[in-house]
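I opened my notebook to look up charged side chains that pair up. My entries follow the model below.

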Amino acid sequence: MDMFLSAVTTANNVVNDIVWGWPALILLAFVGVLMTCLTKFFQISHIGHWFKSTIGAIFSNRDITRHTKDKSISQFQSLCTALAATVGTGNIAGVASAIAVGGPGAVFWMWVIAFFGMMTNYSENVLGILFRRKNIDGEWSGGAMYYLRDGLGGKKNCKAIGSILAVLFCCFCLLASFGIGNMTQINTIATNMEGSFNIPRIVTGLVLMVIAGLVVVGGIKRIAAVTEKLVPFMVVLYILGTIVICAIHFDQLGAVCVSIFKSAFGMRAAAGGVVGSGVALAIKQGAKRGVFSNEAGLGSSVMVHSSSNVKEPVRQGMWGIFEVFADTIVVCTLTAFSVLTSGLIDLDTGKVVVEGDTGTLVGQAFGTVFGSVGSGFITVALLLFAFSTVLGWSHYGTKAWEYLFGTKSTMIYRVIFVVAIVGGATMGENLAWDLSDTFNGLMMIPNLIGVLVLSPLVFKCTKNYVDRHMHNKDIKPMLSMMDDIQEMQEAALAAEGDE
């Protein structure tokens, strides 16, 4: 077994160096910058509108949260399921790991990736709604595979490449669903349950397998019904805890901000390394952990956003902006400041000054304020965060499986996914994280190619929405690339009086 794991680790390191090399990072940044420019900095220029249309609408528009009678889910449920998949160990252990390896400067680059990632995620979701369709069960199916096949594949002489990239995306998504969406999450839970409560890993794995099975087998409607209750509770509770820590250590906030910016630009080398290598490490760690956390660029959350009952592609795109904002700008930032203000990291060198692995840094930060209760709180928080991620990613993997093997066979995937939870509980922690990074990178590349090629379509759809809703122009709405769905959604909008 040790020889097998050693071989897997070696092979993974080779692939990881390729998919997370500078070309891939440049592509990730370029797509985000391009979509930001094409949409005229939509995340800033229309910040009031997308806040009002997302989190604000929850309190003013009952249609946002109303449960549907068909196989679709509400916009709020789609957000909660997407956040369930993104707000996971990356927001706690992942942020701590990024700081420990890349120094405080990794936080700055995480912000940069998130800022431009907002528009990458927006673009993915706009394309997801434009190219989605109903499967034989009457459920919406959308995702990068569809806009790769029908969008990119619809370009002159690109049919074959579009189809190939769609299949590759689904294959990588299936692998990622067992990595970022299963092994890493369950492994973190099992490690913390063993460390905090002496519960054997295998026991944790078996219990979670049973609970996940009860939810996952029920499909997206049952998953959404659970996540819409679990996600708001766990996120709000965690945010309150981090705010208390930052408030208690308020006098350290200034020094932390200085350290983040100095470390980001090499004025202080991470972990005592050479300045140039310190900056490179900070950028890579910030990018990798940022993408691991908010998934902007992976094309993953598109699959649940496409299940929404929304009619306007841009409206679902705005939920994508809010998703990245909430996940990285809010939750990851508060995690980082909790660790950095608690004295666990030397702000001059970026070195960890306490004992224990990086996964326990956030628990130790909570312990500085809440004592032994703090570590227990983080263990429970990790349990909720990570388990909700498993639920969300089970849907992503299901949709990838559906594309490759058909709707009727999806139960096979769900059973395999649930059984694999036990394996995740007993796998080595470092290997689980490394495999997840690799699967993320493999999934990201075909998706970003699709978004890049179809960027003019996102621009056109965004302009159509802005002209109609902000400039009051009487023009035909752009709702779908499928004629029958376009007509159906137009009729639905007219009936609602939205036009």
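Is Lys 473 buried, partly exposed or exposed? I looked it up in this predicted model. Lys 473 is partly exposed, at a relative accessible area of 43%.

**Entry: the partner of Lys 473.** I found a salt bridge from Lys 473 to Asp 467, with 3.9 Å from N to O. Asp 467 has a relative accessible area of 8%. Buried means under 20%, so I wrote Asp 467 down as buried.

**Entry: Lys 476.** I then checked Lys 476, which forms a salt bridge with Glu 490. Their closest N and O atoms are 3.9 Å apart. Lys 476 sits in the loop between helix H20 (455–469) and helix H21 (483–496), while Glu 490 belongs to helix H21. The pair therefore ties together parts that are 14 residues apart in sequence. I noted Lys 476 as exposed, with 57% relative accessible area. Glu 490 is partly exposed, at 25%.

Entry: Next I looked for shared partners.

**Entry: Arg 133 and Asp 150.** In their salt bridge, the closest N and O atoms are 2.6 Å apart. I placed Arg 133 in strand S1 (residues 133–134) and Asp 150 in helix H8 (residues 144–152). So this pair ties together parts that are 17 residues apart in sequence. Arg 133 is buried, with a relative accessible area of 19%. Asp 150 counts as partly exposed, at 28%.

**Entry: the count.** How many salt bridges does a search of the whole structure find? I wrote down 10.

Conventions. Residues numbered from 1 in each chain as written. Predicted model: local features only at pLDDT ≥ 70, side-chain atom pairs only at ≥ 80, totals over all residues. Heavy atoms only, no water. Salt bridge = Lys/Arg side-chain N within 4 Å of Asp/Glu carboxyl O. Helix = DSSP H or I, 4+ residues; strand = E, 2+ residues; numbered from the N terminus. Buried < 20%, exposed > 50% of the residue type's maximum accessible area, 1.4 Å probe, protein only.
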